[in-house]
Amino acid sequence: MVIDLYRLSYEDGEYCIGTETEVIDNHNEWVEQSGRFELDEIDDNLATTIQELAEHWTVEVIYTVKLKLIEDK
């Protein structure tokens with residue numbers, strides 16, 4: 001199993017760091033709460049994939065964790 005940690009940043013700083021699910025959730029919360037989007041624009045700016053975040057953020061993988069499952073014998 002591989003887990004990537006992503007950083008979302010913008011021109012003036014860093015927004016958040018987390019797993020794919022966490023950064024997508026943080027982005028979607030920002031879209032809904034920031035006041036930057038009209039009601040009819042919110043749905044168009046919500047993300048479901050990491051690639052969709054690049055429209056609003058600089059997206060970087062900053063760390064990858066590789067986990068190996070060890071089965072009991």
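The model is predicted, so local features need pLDDT of at least 70 and side-chain atom pairs count only at pLDDT 80 or more, while totals for chains, interfaces and linings use all residues. Residues are numbered from 1 along each chain as its sequence is written, and side-chain values use heavy atoms, with hydrogens and water left out.

Salt bridges come up first. Side chains of opposite charge can pair when their charged atoms come close. Here a salt bridge is a side-chain nitrogen of Lys or Arg within 4 Å of a carboxyl oxygen of Asp or Glu, and the structure holds 2 of them. In one, Arg7 pairs with Glu14, with the closest N and O atoms 3.1 Å apart. In the other, Arg7 pairs with Glu60, and here the closest N and O atoms are 3.3 Å apart. Strands (E, at least two residues) and helices (H or I, at least four) are DSSP runs numbered from the N terminus. Put together, Arg7, Glu14 and Glu60 form a network of salt bridges.

How covered up are these residues? Buried means under 20% relative accessible area, exposed means over 50%, and partly exposed is in between (1.4 Å probe, protein chains only). Arg7 has 25% relative accessibility, so it counts as partly exposed. Glu14 is partly exposed too, at 43%, and so is Glu60, at 33%.

Next is the inside. A nonpolar core is a set of buried Ala, Val, Leu, Ile, Met, Phe, Trp, Tyr and Cys residues joined through side-chain atoms within 4.5 Å. The largest one has 13 residues, and Leu8, Val23 and Leu53 touch the most other members. Strand S1 (2–10) and helix H1 each give two or more residues to this core, with H1 giving the most, 4 residues.

Helix H1 also holds Glu20, which is partly exposed at 37% relative accessible area. Asp40 lies in helix H2 and is exposed at 63% relative accessibility.
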